[in-house]
Amino acid sequence: MADLTLAALTKVYPGGVRALDSVELTVADGEFFALLGPSGCGKTTLLRTLAGLETATSGAVLLGGRDVTAVPPGRRDVAMVFQDYALFPHMTVTDNIAYPLRIRKVPGRQRRDRAAQTAAELGLGDHLERRPDQLSGGQQQRVALARAMACHPRAFLFDEPLSNLDARMRLEARTFLKRLQRELGVTTVFVTHDQAEALALADRIAVMEHGRIRQLGTPADVFRRPANTFVASFIGSTPMNLLPGTAEGGAVHVAGTALPTPGGLALAEGEELTYGIRPEYLTFHPRPVPGALAGEVRVVENLGSSQLVTLEGPAGEVRVVVDEDTELAPGVAGHALPRADRALVYRNGELLGASGYEGPATGTRTP
């Protein structure tokens with residue numbers, strides 16, 4: 001096992017497309033680290049550069065303190081699991097798992113024994129002589145994991161390995177993958193565009209946009225205190241309400257309503273701000289209450305154990321999560337009251353902190 005360090009890593013493709021822009025990052029030994037962001041943000045390019053499948057334009061990649069920037073992929077001692085698993089269709093499970101060992105010229109008996117042992121650990125012991133087309137999607141995923149594990153790498157690199165599974169199997173695979181990584185203790189970098197996966201699996205998350213890390217922190221940090229409006233709008237199964245407002249009398253006014261605001265914020269009278277509050281941290285009231293945003297129920301979405309209600313009023317659309325037993329129908333009046341301790345205020349797209357601290361909630365580098 002080893003830590004991973006990226007120093008001013010930059011990747012520019014022909015034509016001037018800058019996929020990575022001076023990325024600085026350290027992943028601790030044994031950490032489960034997620035790279036999260038929309039398509040085209042650079043997360044897969046970053047992973048492929050770590051693996052040596054892409055050549056960095058500038059900067060350095062260090063594994064366990066060793067500079068591997070110019071080291072070929074086969075000598076970096078990392079294992080990558082691809083989105084489509086990349087199994088050899090003509091090979092059995094045993095041969096697929098043992099293939100990297102064959103490349104390393106491990107003796108045949110030894111590599112077959114290691115393949116069988118690894119397969120048994122992942123519940124594949126009864127499928128050793130099957131080929132990939134005789135396996136389910138979840139079993140193929142486990143074969144890809146077993147192939148990576150059999151090499152005993154210093155780091156795992158996962159490129160959206162769960163995206164080809166159906167919803168239920170994805171949940172099962174997520175639990176399995178997190179337990180496996182904890183047991184092995186191998187440094188892991190996991191690329192995904194699914195923020196629920198990143199929040200559930202990772203010890204820390206880097207949220208990327210346009211080749212840069214916009215926020216770095218624990219899942220709780222990123223969810224509760226998005227450093228900017230991009231992260232706030234991207235993270236969460238229901239996006240954060242981001243409402244334009246104005247500072248008046250030390251409070252933020254949205255559509256003429258003074259909203260509950262965290263204490264300790266230095267607000268200049270009349271400045272334009274953005275008030276952020278997650279739907280989960282709003283309380284629905286059928287009648288007017290002080291500090292609540294008024295509106296009319298437009299849409300009610302059943303989420304199972306709760307409902308997502310969209311109000312439309314002077315502040316625009318405001319979404320609020322309500323209890324599953326609350327009976328609401330489009331057309332009725334509603335009022336959404338924010339929790340002051342969960343409200344966030346942004347100036348020019350960047351988070352204002354409490355107690356005079358103004359700036360991103362989490363920087364782009366580890367301490």
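**Where the domains meet**

Guide: Between domain 1 and domain 2 the count is four residue pairs in polar contact, both residues being at pLDDT 80 or more; a polar contact is a pair of N or O atoms within 3.5 Å, where within protein one must be able to donate a hydrogen and the other to accept it, and residues adjacent in sequence count only if both atoms are side-chain atoms. On the side of domain 1 that touches domain 2, helix α7 (residues 219-224) gives the most, with three residues, helices being DSSP runs of H or I with at least four residues, numbered from the N terminus. This is a predicted model, in which local features need pLDDT of at least 70, side-chain atom pairs count only at pLDDT 80 or more, and totals for chains, interfaces and linings use all residues. Residues are numbered from 1 along each chain as its sequence is written, and side-chain values use heavy atoms, with hydrogens and water left out.

The domain assignment, which is automatic or taken from a database, gives domain 1 as 4-229 and domain 2 as 237-284 + 292-351. Ten residues of domain 1 are in contact with twelve residues of domain 2, contact meaning heavy atoms within 4.5 Å. The rule finds one salt bridge across this interface, that is, a side-chain nitrogen of Lys or Arg within 4 Å of a carboxyl oxygen of Asp or Glu. E350 forms a salt bridge with R214, and their closest N and O atoms are 3.9 Å apart.

Methods
Helices (H or I, at least four residues) and strands (E, at least two) are DSSP runs, numbered from the N terminus.
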